[in-house]
Protein chains: 2
Amino acid sequence: MKIVAFQGEHGAFSEAAAFGYFGKRIKTLPLESFDKVFAAVGKTADYGVMPIENSIEGGVLQACDLLIESELKVIGEFVLRVHHCLIADPGTRLKDIKYVYSHVQALGQCRKYIQEMKFIPIAYIDTAGSVKMLKEKRLADSAAIASEEAAKMYGLRILKKGIETDRRNYTRFLILAKKSDVVDSFVKKNKGGSIKVALTFSTSNKPGMLYDALGRFAKHGINLTYIQSRPILGMPWKYNFYVECQLNGGNERFGETLGELEMGSFNIKLLGYYKSCER
Amino acid sequence: MKIVAFQGEHGAFSEAAAFGYFGKRIKTLPLESFDKVFAAVGKTADYGVMPIENSIEGGVLQACDLLIESELKVIGEFVLRVHHCLIADPGTRLKDIKYVYSHVQALGQCRKYIQEMKFIPIAYIDTAGSVKMLKEKRLADSAAIASEEAAKMYGLRILKKGIETDRRNYTRFLILAKKSDVVDSFVKKNKGGSIKVALTFSTSNKPGMLYDALGRFAKHGINLTYIQSRPILGMPWKYNFYVECQLNGGNERFGETLGELEMGSFNIKLLGYYKSCER
């Protein structure tokens, strides 16, 4: 049985994404940090699942940083519709709530509701983890923000459903593995479908490099779908970029193109290619 | 006397940036959120000071979102060297500390130290605010991360200085106002110096727009210094971009160039031009 590592406690959205991508017949491995998920893949786990971007809050920056440093490969993506619930002890009434605990991304996705209710947001390790903590500590003046499943799992009560700022609230997860397919057999397998590529590069050498690098992709008919700048530690105002590109069929020389990008002077690191699940 | 609004409590790094930019003869106005700082400028305050980027943690994403929506102008920038301290009640010893409170950005800037010490990070409204809270609640098992000034201001003890992950830890702040100078007189005043432009645009219409937009800047000899993608609410996987560009002297037709960019089909919104304080 495949073992899939994720950050958070059982009931986390990352775990839902793991089941969504691999199906129910896997063993999920909850870990407390993204670092530990990266470290586990290829050792105590076969795969890792990690959020990279949310449609309300934007990029998961720490995930980008880890991808830039890591030797793991991206082999897939999964988009999850994220429904947030306000969850508390069965004895807690809405008017008793002063503090609300959740993952910092979830707090951001529900910022409007939190402000309206005048709750004080407190960032906690994970959505489901904050439900578990609430149950253990029995905090009467607090609630957690997490999934319906997390509320059921830990036996707490849902006070309100759908508290995300916009109902089009999706989180995009990447599937990580130690090795990826050989590019040519991957392209053959997914012939006709839309293929995505994740890569990183730095623009630390000279000004204008971002434009030059994007020009290379454009030249090969590769369309940028996501870009995130990340600072380079110890080099203020110099950046690494995490980017995802889409290859809309018909590129027969995909492997060659990727090789050319990787060999260039842009310090491009290819993270992987995978079937796109975007519409 | 000028009134300058900032997010946080007295002793926050944003307040230090306000004094750094305007000098000591201003009245600072502490407010609890970025939203309130934006709302105050032109009403209860003359100016606002807001962090836009840190050299370890990267972009302050909520600041970008507010700039994209706001009608305020960017009129200056200030770079602050950020030294973080571990601060606790005089009765608390290092080995008593289980939880560490601070702004989420400060927690990120000290992530390595927090992990080494096995502290549980809890995100709080503000660095100096977490020191104030610690003093009021007298939490014996907790510490705060903030500036030396904040420790002095609230009479707590510094257990360790310089806990940021890299000593090249700088935060870049933007100065906000209701109106900006007329572009031509601004250019004349700063003749020979390096001028920066902050602007936003969206690429929601068609693929390849980012490359096209960057090409427009390149054509006019404008060099990109910072780019941050932000999701458009309700349009998953479509983006607004917040960008800063540098104009390295010699562009006599600066006003014209900006006007051309603004009039184009890229939905560019000019946020302001200001003297660069980058090296």
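What follows is a conversation about a predicted model, with chain B in focus.

Student: Why is B:Lys118 called exposed?

Tutor: B:Lys118 has 8 of them, so it is exposed. You will find B:Lys118 in the loop between α5 (111-116) and β8 (120-123) of chain B. Its phi is positive, about 60 degrees, although B:Lys118 is not a glycine.

Student: And what makes B:Trp237 partly exposed?

Tutor: Here the limits on both sides matter, since buried needs 20 or more neighbours and exposed needs 12 or fewer. B:Trp237 has 16 C-beta neighbours inside 10 Å, so it counts as partly exposed. B:Trp237 is also a residue with a positive phi, about 70 degrees, without being a glycine.

Student: Why are β13 and β15 of chain B said to stand at the edges?

Tutor: Look at the order first: four strands of chain B form an open, antiparallel sheet as β13-β14-β12-β15. β13 (223-232) and β15 (269-275) each have a single partner strand, so one side of each is left without a neighbour in the sheet. On average, neighbouring strands are turned by 15 degrees against each other, direction ignored. Helix α3 (residues 61-69) of chain B packs on this sheet, touching β12, β13, β14 and β15, and its direction makes about 85 degrees with that of β13(B).

Student: How do you know that the two copies are related as by a two-fold rotation axis?

Tutor: Chain B can be laid on chain A by a turn of 180 degrees and a shift of 0.0 Å along the axis, with an RMSD of 0.0 Å. The two copies are thus related as by a two-fold rotation axis. The same surface serves both copies, as 97% of the contact residues of chain B recur in chain A. Within chain B, B:Ala123 comes closest to the rotation axis, its C-alpha being at 2.5 Å.

Student: What makes up the side of chain B that touches chain A?

Tutor: In total, 30 residues of chain B are in contact with 29 residues of chain A. β8, α9 (209-219), β13 and β14 of chain B each supply at least two residues of that side. The largest share, seven residues, comes from β13(B). By class, the side of chain B that touches chain A has 17 nonpolar, nine polar and four charged residues.

Conventions: Residues are numbered from 1 along each chain as its sequence is written. Chains are lettered from A and ligands numbered from 1 in the order in which they are written. This is a predicted model: local features need pLDDT of at least 70, side-chain atom pairs count only at pLDDT 80 or more; totals for chains, interfaces and linings use all residues. Copies are superposed by least squares on the C-alpha atoms of residues with pLDDT of at least 70 in both. Two residues are in contact if their C-beta atoms, placed from the backbone, lie within 7 Å. Two strands pair if DSSP finds at least two bridges between them. Axes are lines fitted to C-alpha atoms, for helices over the stretch in contact, and angles run from 0 to 180 degrees between N-to-C directions. Ala, Val, Leu, Ile, Met, Phe, Trp, Tyr, Cys and Pro count as nonpolar, Asp, Glu, Lys and Arg as charged, and the others, Gly among them, as polar.
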